[in-house]
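Have a look at the structure first, then read on.

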Amino acid sequence: MIRIPEPTPSEKQALRVKVQELAGGQCELRLHKRCLYPQILPLSGDLLWRGHLVHIRARSIGGEWTTENCLWGCAFCHNGSSHTTGTPIDMEAIMQRRKGQ
């Protein structure tokens, strides 16, 4: 198993802020029927209603803590689709949306 060193708490928070900005605060995954898009997902608050930092390539297989490897997602899409069902993420569509903002 490949493990990338963990960033400091302040580095993680800075990454969360940057990824939220890139996403315009909205869920980038849009995978689950209960997706909260277009609601703005805050950085903090209740686990169900705040934004989640989603690693495209899992940390357990060498995924890095970078803006290129992270997306902003709602709890439904992050936990209810990408982790449990393995629903593929349409990276091309997400990158097009990021460029359009």
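1. Lys33 is exposed, because its relative accessible area of 82% is over the 50% cut-off. Do keep in mind that this is a predicted model. As for where Lys33 sits, look in the loop between α1 and β1. One more thing on this residue: its C-alpha atom is 8.3 Å from that of Phe76, although 43 residues separate Lys33 and Phe76 along the chain.

2. Now to the ion pairs. How many salt bridges does the structure hold? There are two, and each gets its own point below.

3. One pairs Glu6 with Lys12, with 2.8 Å between the closest N and O atoms. Glu6 comes out as partly exposed, since its relative accessibility of 46% falls between the 20% and 50% limits. Lys12 is partly exposed too, at 27% relative accessibility.

4. The other salt bridge joins Arg98 to Glu28, and here the closest N and O atoms are 2.7 Å apart. What does this pair tie together? Arg98 belongs to helix α3 (residues 91-100), while Glu28 is in the loop between α1 (9-22) and β1 (52-55), so the contact links parts that lie 70 residues apart in sequence.

5. Are Arg98 and Glu28 buried or exposed? Both of them are buried, which means that each has a relative accessible area under 20%. Compare that with the Glu6 and Lys12 pair, where Glu6 is partly exposed and so is Lys12.

6. Glu28 is buried, whereas Lys33 is exposed.

How values were computed
Residues are numbered from 1 along each chain as its sequence is written. This is a predicted model: local features need pLDDT of at least 70, side-chain atom pairs count only at pLDDT 80 or more; totals for chains, interfaces and linings use all residues. Side-chain values use heavy atoms; hydrogens and water are left out. A salt bridge is a side-chain nitrogen of Lys or Arg within 4 Å of a carboxyl oxygen of Asp or Glu. Buried means under 20% relative accessible area, exposed over 50%, partly exposed in between (1.4 Å probe, protein chains only). Helices (H or I, at least four residues) and strands (E, at least two) are DSSP runs, numbered from the N terminus.
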